[in-house]
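User: I am new to this structure and would like to learn how to read it. Can you take me through the main features?

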Amino acid sequence: MANTRSAEKQQRQAEKANTRNRVGKSRLRSALKKTRAAVDAGGADSSVLSTGFSEIDKAARRGVIKGNTADRYKSRLAKASKRAAK
């Protein structure tokens, strides 16, 4: 329980951020699942990859994940896509 007004405010802000981040993570995970499924099925055209990359970039821009993590996700998706295309 917060003891001061500033601590109460910080608690409210943390709850809002927690909700925002949870929604962002969920959205990112869903997009990654769809993109990975398309890559595994062999039907990963550029629009599917582009959509996946876009969601990853948005999550990084909003601070849901870090930039290097976003780059790693995109690199692995691109690598898997190339492997599936062979």
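Predicted model: local features only at pLDDT ≥ 70, side-chain atom pairs only at ≥ 80, totals over all residues.

**Reading the helices and their core**

User: How many helices and strands does the protein chain have?

Analyst: Helices (H or I, at least four residues) and strands (E, at least two) are DSSP runs, numbered from the N terminus. Here there are three helices and zero strands. From the N terminus on, the order is α-α-α.

User: What does the radius of gyration say about the protein chain?

Analyst: The radius is taken over C-alpha atoms, and the globule rule is 2.2 Å times the number of residues to the power 0.38. The protein chain has a radius of gyration of 17 Å, well over the 12 Å that the rule gives for 86 residues, so it is more spread out than a compact globule. Along the principal axes, its C-alpha atoms fill a box of roughly 60 × 20 × 15 Å. Of the 86 residues, 23% count as buried.

User: How do I check the span of H1?

Analyst: The expected span of a helix is 1.5 Å times one less than its number of residues. The 37 residues of H1 should span 54 Å, and its end C-alpha atoms are 54 Å apart, which agrees. Alanine 7 is found in helix H1. At 31% relative accessibility, alanine 7 counts as partly exposed. After H1 comes glycine 42, with a positive phi near 90 degrees.

User: Which residues of H2 are buried, and where do they lie around the axis?

Analyst: The arc is that of the directions from the helix axis to the C-beta atoms. Leu49, Gly52, Glu55, Ile56 and Ala59 are the buried residues of H2. They fall within an arc of 125 degrees, so they line one face of the helix. Ser46 and Arg61 are exposed on the other side of H2. Among the cover on the buried residues of H2 are H1 and H3.

User: And which residues of H3 are buried?

Analyst: They are Thr69, Ala70, Lys74, Leu77 and Ser81. Their arc is only 135 degrees around the axis, which puts them on the same side of H3. The face turned away carries the exposed residues Asn68, Arg76, Lys79, Lys82 and Arg83. The buried residues of H3 pack against H1 and H2.

User: Which residues make up the largest nonpolar core?

Analyst: In soluble globular proteins, nonpolar side chains tend to be buried together. A nonpolar core is a set of buried Ala, Val, Leu, Ile, Met, Phe, Trp, Tyr and Cys residues joined through side-chain atoms within 4.5 Å. The largest one here has 10 residues: Leu28, Leu32, Val39, Leu49, Ile56, Ala59, Val64, Ile65, Ala70 and Leu77. H1 (5-41), H2 (46-61) and H3 (67-85) each supply at least two residues of this core.

Methods: Residues numbered from 1 in each chain as written. Heavy atoms only, no water. Buried < 20%, exposed > 50% of the residue type's maximum accessible area, 1.4 Å probe, protein only. Contact = heavy atoms within 4.5 Å.
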